[in-house]
Amino acid sequence: MPPRLIALDTDHVILLDKPIILIGRHPECDIQLESRKISRRHCCIAEVDKVLAVRDLGSTNGIQINGEPLQEGRLADGDELTIGNLRYQVRWEDNDGPGPRRPVTARPAAVPPQAVSIDHMQSLDIPVPIKEPNRPANGPPPKS
């Protein structure tokens, strides 16, 4: 079974059933989350060699892994991932706990299934703008 994100506050389950999943409010996203705290293109999750990598895509309210705000990181079984104001538990095993859950599956893959590392997610051909840090266009580098 593919890894899943089990919602901690609702009855949703997000199946991570393709190599790269784009999460946000925009209709082009693989998983659409309806919350004012979720950006249009909030984050993406990639499975790389049995490791889940998550990256914030310059969202307003960010992501957290186990309560720690991060730009990117790895997700292990049992970790808590917060996307904006929505909390999920990462599950690799079939033990979802009690109660029925409604799966939310990603749309068919627009990106060919291939090995992708988190360092190369930015170079993938997906329609996601990634904000760059503010840097002067020309001129000397900042003094340390």
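How much space lies in the largest pocket? About 220 Å³. The points below take the pocket after the fold.

1. **Basis.** This is a predicted model, in which local features need pLDDT of at least 70, side-chain atom pairs count only at pLDDT 80 or more, and totals for chains, interfaces and linings use all residues. Residues are numbered from 1 along each chain as its sequence is written, and side-chain values use heavy atoms, with hydrogens and water left out.

2. **Overall make-up.** The chain has 12 strands and zero helices. Both are DSSP runs numbered from the N terminus: helices are H or I of at least four residues, strands E of at least two. Along the sequence the pattern reads β-β-β-β-β-β-β-β-β-β-β-β. Of the 144 residues, 39% count as buried. Buried means under 20% relative accessible area, exposed over 50%, and partly exposed in between, with a 1.4 Å probe and protein chains only. Take contacts between residues at least 6 apart in sequence: 47% of them join residues at least 24 apart. A contact here means heavy atoms within 4.5 Å.

3. Five strands form an open sheet with mixed pairing, in the order 4-3-5-6-9. Strands pair if DSSP finds at least two bridges between them. Strand 4 and strand 9 (72–75) are the edges; each has a single partner strand, so one side of each is left without a neighbour in the sheet.

4. **Strand 5 and its partners.** Is strand 5 mostly covered or mostly uncovered? Mostly covered: five of its six residues are buried. Strand 5 (residues 43–48) pairs with strand 6 (residues 51–56) in the antiparallel sense over six bridges. In that pairing C43 stands opposite D56, and C44 opposite R55. The hairpin between these strands has two residues, and D49 takes a positive phi near 50 degrees there. Strand 3 also runs antiparallel to strand 5, joined by four bridges. I20 faces A46 of strand 5.

5. **Strand 1.** R4 and I6 point one way from strand 1, L5 and A7 the other way, and all are buried. A hairpin of four residues leads from strand 1 to strand 2. The two strands pair antiparallel over three bridges. Strand 1 also runs antiparallel to strand 11, with four bridges between them. L5 takes part on both sides: I14 in strand 2 stands opposite, and so does V90 in strand 11.

6. **Salt bridges around R87.** The whole structure holds six salt bridges. The criterion is a side-chain nitrogen of Lys or Arg within 4 Å of a carboxyl oxygen of Asp or Glu. R87 and D9 meet in one of them, at 3.2 Å, N to O. R87 lies in strand 11 and D9 in the loop between strand 1 (4–7) and strand 2, so the pair ties together parts that are 78 residues apart in sequence. R87 also bridges to E80, where the closest N and O atoms are 3.4 Å apart. Shared partners join D9, E80 and R87 into one network. R87 is partly exposed, at 32% relative accessible area. E80 is partly exposed too, at 24%.

7. **R41 and E28.** R41 forms a salt bridge with E28, and the closest N and O atoms are 2.8 Å apart. R41 sits in the loop between strand 4 and strand 5, E28 in the loop between strand 3 (20–24) and strand 4, so the pair ties together parts that are 13 residues apart in sequence. E28 is partly exposed at 46% relative accessibility.

8. **The largest pocket.** A pocket is an open set of points on a 1 Å grid over the protein atoms alone, with protein on both sides within 12 Å along at least five of seven lines; lining residues have an atom within 4 Å of a point. The volume is the space filled by probe spheres set on the points. Thirteen residues line the largest pocket, and T10, H12, L33, L86 and Y88 lie nearest its centre. Strand 2 (12–15), strand 4 (31–32) and strand 11 (86–91) each give two or more residues to the lining. Strand 11 gives the largest share, three residues. The lining divides into seven nonpolar, three polar and three charged residues. Nonpolar covers Ala, Val, Leu, Ile, Met, Phe, Trp, Tyr, Cys and Pro; charged covers Asp, Glu, Lys and Arg; the others, Gly among them, are polar.

Key
On a 1 Å grid over the protein atoms alone, a cavity is a set of points where a 1.4 Å probe fits but cannot get out, and a pocket is an open set with protein on both sides within 12 Å along at least five of seven lines; lining residues have an atom within 4 Å of a point.
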